[in-house]
Amino acid sequence: MNQNQNRSSLFRKKPIATGDNESNILKRALGPLDLMTLGVGAIIGTGIFVLTGVAAATYAGPGLVLSFLLAGMICAFAALCYSEFASSVPASGSAYTYSYTAFGEVIAWILGWDLILEYGFASAAVASGWSGYFQTLLSGFGLQLPHALTSAFSPEKGTYFDITAAMITLIITFLLTRGVKEAARANGIMVAIKIIVVLIFIGVGVSYVQPDNWQPFLPFGISGVTAGAATVFFAYIGFDAVSTAAEEVKRPQRDLPIGIIASLAICTVLYIVVSLILTGIVPYHLLNVSDPVAFAFEFVQLKGLSWIVSLGAITGITTVLLVMMYGQTRLLYSMSRDGLLSPVFSKVSGKSQTPAAGTWVAGIIVALFSGFISLGHLAELTNIGTLFAFAVVSLGIIILRKNNPELKRGFRVPFVPWIPILSAVGCMYLMTRLAALTWITFFGWLIIGLIIYFAYGRHHSHLNPARRISDTFQTTKEK
């Protein structure tokens, strides 16, 4: 094979309209309300219940509201791009599938491998955070787990495995194997609970706001606001997971854009209001705690409501874990169905119509990560992986408009190419605000992924002519 053929094989594109094997078709059971609750379930959680305090205390102060606004605007541009792709290419796999149609196979693999990092590590990080809140709740009832099983592997601290983080991961894995409608129904109930808790905090907390706490409004300057935006970007991770449900949506061209944009809009408003009230109740420098929303009620002697907030936080973080793991399994399903990963991830259970075997493999791996690795280490790479994916998807809209102008689109991004360019530039700018070690580790992860692609995925890809010839010969032989 000459150099031009090699280059061509790396950038072979997946057809936008594919005829998938009937045994691999997932059950279409989701409507717009299900998608909105999936999005809100993924977004409202760790960000609002944990990151608000840390970001205010160490980066932005009361200017945290501007950090959320900046991150929300960049996410809004990206959400518009995701919506057009989701309505044009209604297939599982999210940004991976979109880039496969716009850029070609090797770019799709890089993005898919990047998203495995995002969803996998984010799931493990969220499970670790859930464990901390759950153990706090247990202590309120006078219960205590053995110290060795309360946190990640750290012999100097006497801890070896976070048993509750692994436990909740396996419970969520079981729920996901029961069927997407069942998982969506459980998610909807938990989303309703945490929205009620957030509204209680807003309704009660507004009367305890002291405007003097907002002075100085920008104690760390504009640079603190941008660094805060890069940090709280983690709080927005999740709306993209809605697009992974494409093949399980009844009317994807109409419902996916509604689910993506509506869930992001709802969460952005809630983040801004909560951050204003939080920094108005408690001086920003006191908010460097793991449970800032509950701490705010304790600060004004409302300990009974503090317990309710803690319960809401546990519920909220559970829904984030549910949607993150759902997105992970559907991404693995899509990459496996294309031949780039082992067939185990695309084997669909006849009873539940879900990729049950692949879900258990992914769930067990995430459970081990959440049990052995600390929350801080798990969260470090999540933001950079998401920002990278958002930038690629945004640029993909420009390519798709140029190469496929006749494609039926249920939703169109306005002001192309300016909105996609603003989205990509904004994401890349926030990436520059992340630590050098994060970049080094991120590139290391991508190199490992490329090794796997050239050793396995490239040869097993369903777009590989040699693979198609082999499959045709096998089918003929069987007949």
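Salt bridges and their surroundings

Guide: In this predicted model, Glu 84 and Arg 401 are joined by a salt bridge in which the closest N and O atoms lie 2.8 Å apart. Glu 84 belongs to helix H4 (residues 64-88) and Arg 401 to helix H15 (residues 382-403), so the pair ties together parts that are 317 residues apart in sequence. With a relative accessibility of 0%, Glu 84 counts as buried, because the cut-off for that class is under 20%.

A search of the whole structure finds 2 salt bridges, and Arg 12 with Glu 105 also forms one, at 2.9 Å from N to O. Here Arg 12 sits in the loop between helix H1 (3-10) and helix H2 (32-43), while Glu 105 is in helix H6 (residues 105-140), so this pair links parts that are 93 residues apart in sequence. Arg 12 and Glu 105 are both buried.

Helix H7 (163-177) and helix H13 (356-372) each contribute at least two residues to the patch, and H13 gives the most, with 4 residues. Trp 360, which is placed in helix H13, has a relative accessible area of 33% and is therefore partly exposed, a class that runs between 20% and 50%.

Technical notes
Residues are numbered from 1 along each chain as its sequence is written. This is a predicted model: local features need pLDDT of at least 70, side-chain atom pairs count only at pLDDT 80 or more; totals for chains, interfaces and linings use all residues. Side-chain values use heavy atoms; hydrogens and water are left out. Buried means under 20% relative accessible area, exposed over 50%, partly exposed in between (1.4 Å probe, protein chains only). A salt bridge is a side-chain nitrogen of Lys or Arg within 4 Å of a carboxyl oxygen of Asp or Glu.
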